[in-house]
Amino acid sequence: MSDKTDEIIEEFKRKLTGVKTGEDVENLRVEFLGRKGKISELMSGLKNVPKENKKSFGQRVNSIKNDMEESIRTAKEKMAAEAVEAEIKASEDYDVTMPKSIETGSYHPITLVQRELEDIFSSMGFTIEDYKEVVDDYECFESLNIPKYHPARDMQDTYYLDNGQLLKTQTSAAQNAIMKKYGPPLRAIFPGRCFRNEATDASHENTFFQMEGLMIDKDISISNLIYFMKTMLSEVFGQEVTVRLRPGFFPFTEPGFELDIKCLICGGKGCPSCKNSGWLELCPCGMVHPNVLKEGGIDPEEYTGFAFGLGLTRLAMMKYGVKDIRTFNSGKLQALCQFNDR
């Protein structure tokens with residue numbers, strides 16, 4: 001056994017002198033000190049050593065192991081020091097008089113719009129909530145008065161996961177949880193990213209942002225909804241904005257409306273951003289359906305409320321004059337960083 005240990009020691013020393021990189025040092029450690037390394041092989045031979053020599057043999061192997069560990073540690077420290085030295089040497093060639101870019105990052109335009117809206121609604125007494133992007137069928141559909149196999153689901157095809165969950169198609173998926181969390185009366189907004197499996201064009205994306213708003217109290221009416229929407233839009237655009245309210249079908253509202261804004265890209269003349277109609281669908285909204293209130297644990301005989309799903313992405317298009325909605329997810333810094341000073 002003594003010859004074997006001496007042989008391993010000599011081999012270790014020879015290979016240690018040949019290491020050149022940190023990877024070489026790690027490979028050497030694994031070869032000799034790893035779980036299946038040569039020191040482990042030596043220890044496994046302890047069973048063949050005579051009983052009277054077991055103690056001294058074990059002590060010798062442990063001593064060899066400690067010496068190797070110390071050598072490995074020293075080699076790693078040496079490699080690290082050499083790397084720092086090389087970096088310092090390379091930096092000596094850097095010309096400090098060369099001009100240096102001082103450009104900084106910027107917030108995404110949708111983030112800018114979201115924060116502005118959060119400030120506006122906070123000033124009107126709304127709580128700001130956050131909600132997950134991966135939800136279950138109950139949250140996204142059933143709690144919103146859209147039972148299984150209801151044809152309204154065809155309007156919101158999305159992406160399903162193997163475990164049965166799905167990527168939420170609308171921020172309304174949080175309504176049930178918010179109702180149960182606060183109960184009436186409540187005022188809350190909850191912005192978030194939504195997903196739909198659909199074709200993209202200048203005004204449609206498969207990944208977009210919305211901001212859901214929910215207000216529930218006694219004697220809430222459509223006039224309250226219109227007031228809050230007009231107040232919000234005038235604050236965002238800093239001017240009176242032409243809007244129209246038209247009937248719209250949503251299983252979770254009764255009645256339901258579509259709030260459209262006159263296209264600020266073309267001034268209402270018609271362009272690809274507004275599908276040449278002069279109007280851009282901005283905010284599906286309406287009075288919360290009694291079935292949705294019941295599902296959220298709220299008595300529809302005592303309370304009413306309104307809800308809206310404001311399209312943050314489309315609002316950013318109008319505010320900043322972005323003609324194609326796909327620009328926001330393009331990652332093109334030249335297009336996105338121009339909002340730096342806003």
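Student: Is F237 buried or exposed?
Tutor: F237 counts as buried because its relative accessibility is 15%. Buried means under 20% relative accessible area, exposed means over 50%, and partly exposed lies in between (1.4 Å probe, protein chains only).

Student: What kind of model are we looking at?
Tutor: This is a predicted model, in which local features need pLDDT of at least 70, side-chain atom pairs count only at pLDDT 80 or more, and totals for chains, interfaces and linings use all residues. Residues are numbered from 1 along each chain as its sequence is written, and side-chain values use heavy atoms, with hydrogens and water left out.

Student: Back to F237. Which helix is it in?
Tutor: F237 belongs to helix α8, which covers residues 222-237. Helices (H or I, at least four residues) and strands (E, at least two) are DSSP runs, numbered from the N terminus.

Student: Which residues is F237 in contact with?
Tutor: Apart from neighbours within four places in sequence, F237 is in contact with I261, L264, L315, M318 and K319. Contact means heavy atoms within 4.5 Å.

Student: I261 is on that list. Which residue does it stand opposite?
Tutor: I261, in β7, stands opposite V243. Strands β6 and β7 pair in the antiparallel sense over 5 bridges. Two strands pair if DSSP finds at least two bridges between them.

Student: In what order do the strands of the open sheet come?
Tutor: The open sheet has 7 strands in the order β1-β4-β5-β9-β8-β7-β6, and its pairing is mixed. Strands β1 (127-128) and β6 (243-247) stand at the edges with a single partner strand each, so one side of each has no neighbour in the sheet.

Student: What holds paired strands together, in general?
Tutor: Strands of a sheet pair through backbone hydrogen bonds, either parallel or antiparallel.

Student: How many residues of β8 are buried?
Tutor: In strand β8 (residues 279-288), 7 of the 10 residues are buried, and the strand is mostly covered.

Student: And which strands does β8 pair with?
Tutor: Strand β8 pairs in the antiparallel sense with β7 (residues 253-262), over 8 bridges. The bridge partner of D260 is E281 in β8. Strand β8 also pairs in the antiparallel sense with β9 (residues 304-311), over 3 bridges. There, G286 stands opposite A307 in β9.

Student: Changing topic: why does N176 count as buried?
Tutor: N176 counts as buried because its relative accessibility is 7%. N176 is found in helix α7 (residues 175-182). Beyond its neighbours within four places in sequence, N176 is in contact with Y138, S143, E295 and G296.

Student: What about E11, buried or exposed?
Tutor: E11 is buried, with a relative accessible area of 15%. E11 lies in helix α1 (residues 2-16) and touches E31, F32 and K38, not counting residues up to four places away in sequence.

Student: How many helices and strands are there in the protein chain?
Tutor: The protein chain has 11 helices and 9 strands. Of its 342 residues, 42% count as buried.

Student: What is the radius of gyration of the protein chain?
Tutor: The protein chain has 33 Å, whereas a compact globule of 342 residues would have a radius of gyration near 20 Å. The radius is taken over C-alpha atoms, and the globule rule is 2.2 Å times the number of residues to the power 0.38. Along the principal axes, the C-alpha atoms fill a box of roughly 95 × 60 × 35 Å.
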